[in-house]
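Colleague: I'm new to reading structures, and I'd like to learn how to look at helix packing and ligand surroundings. Can you walk me through one?

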Amino acid sequence: MTDTEPSPAVSETAESIATMEIRGAATIASAAAEALAEQAEAAAEADATASDPEAFRASLRAAARTLRETRPTAVSLPNALRYVLQRMEGDSVDRLRRSVVDASEAFVRQLDRAQEDLGQVGANRLADGDTVMTHCHSTDALACIEAAVEQGKSISAVVKETRPRQQGHITAEQLRDAGVPVTLIVDSAARRYLDEVDHVVVGADSIAADGGVINKIGTSGLAVNARERGVPIMTAAQTIKLHPETLTGHTVEIEMRDEAEVIDPEAREAIGEIDVENPAFDVTPPRYMDAIVTEQGQFPPESIVTLMRELFGEGAAEPWAEP
Ligand SMILES: O=C(COP(=O)(O)O)[C@H](O)[C@H](O)COP(=O)(O)O
């Protein structure tokens, strides 16, 4: 490892995020924070950085850049890197190392607590006997349903499989483990089943300053259908999903993934000349979302900008940039 090369632990985490072995906005955030702690431990041992505080700092920034480049849409990733790097302080490598490890641990603790707290808020929106519909796999959304079950409510779930990667299967398994009766459906059956559903609960990869919710592709269509059927829809999202750059007019980049996730290469070849596109996320306009549930309570989407300003100020620092 040179002073700018990431440690093997960081490269491994970056690879796992890029290949989606590690996925979901909250899980990506905690893995990234933990990888920075591992980088700090490795840099405190490496020849090039062990006795040079500036080289140590540079190696942490380089590691953060490697992690940042893995997937573009979930803002929890840069927010996690920001949280840790902004707390890196000290005039010796040992102090710097300690500050990074402490910040990483504090971030992960905060993440877990936030999820627990928002779970309670989301659970309060659910009533005994409710059926919920889910999309994709969101640990924040699951926290709401699981907290409702822990409150003694009887909840059942209609789970959308979520093409092309079928994260709905993970949701189905986890809900079943939590004692929730699950009906798995294909995505195109969602509107039909909305008639049997009391709430739609989804997660978020990013929340924009105008209250737009960026989540797994298909969320916006589900939200429009839910509104048309009169079914309330909530987004469960910790405040690390708030996207500070949208305060200054930036838009959220939507990840485009490999076409092989949509159609296998042989089948595509057999069809002949066609284009295939595979956007991983979409934007649900705030008017189709009833509430954003965070660890700080629930918000109408249009008011989320107030919380975003409070937590992130007017913009977003990039502490991983070369000075
Ligand atoms: O869209 C996804 C996952 O997409 P992918 O599978 O492409 O990463 C999830 O709804 C959010 O990330 C929220 O998840 P969480 O609530 O766990 O942060």
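This is a predicted model: local features need pLDDT of at least 70, side-chain atom pairs count only at pLDDT 80 or more; totals for chains, interfaces and linings use all residues.

Colleague: Which residues in α3 and α5 meet?

Modeller: From α3 you get P53, F56, R57 and L60, and they meet V93, L96 and V100 in α5. Sort the residues of that contact by class and you find six nonpolar, no polar and one charged.

Colleague: What about helix α1 and α3, at what angle do their axes cross?

Modeller: Roughly 15°, with the axes of α1 (residues 8-18) and α3 coming within 9 Å. That makes α1 roughly parallel to α3, and their crossing is right-handed. Here V10, T13 and A14 in α1 meet A63, T66 and L67 in α3. This contact divides into four nonpolar, two polar and no charged residues.

Colleague: Now the ligand. How many residues surround it, and which are the closest?

Modeller: There are 18, and the closest are A26, S138, T139, D140 and G203. The elements giving two or more residues to this shell are α2 (25-43), α6 (139-150) and β6 (213-216). By class, the shell has seven nonpolar, seven polar and four charged residues.

Colleague: And where does the ligand lie relative to the domains?

Modeller: Domain 1 (8-115) and domain 2 (125-312) both give residues to the shell, so the ligand lies between them.

Technical notes: Residues are numbered from 1 along each chain as its sequence is written. Two residues are in contact if their C-beta atoms, placed from the backbone, lie within 7 Å. Helices (H or I, at least four residues) and strands (E, at least two) are DSSP runs, numbered from the N terminus. Ala, Val, Leu, Ile, Met, Phe, Trp, Tyr, Cys and Pro count as nonpolar, Asp, Glu, Lys and Arg as charged, and the others, Gly among them, as polar. A residue is near a molecule or strand if its C-beta atom, placed from the backbone, lies within 6 Å of it. Domain bounds come from an automatic or database domain assignment. Axes are lines fitted to C-alpha atoms, for helices over the stretch in contact, and angles run from 0 to 180 degrees between N-to-C directions. Angles under 35 degrees count as roughly parallel, over 145 as roughly antiparallel, 65 to 115 as roughly perpendicular and the rest as oblique. A crossing is left-handed if the near helix is turned anticlockwise from the far one by less than a right angle, and right-handed if clockwise.
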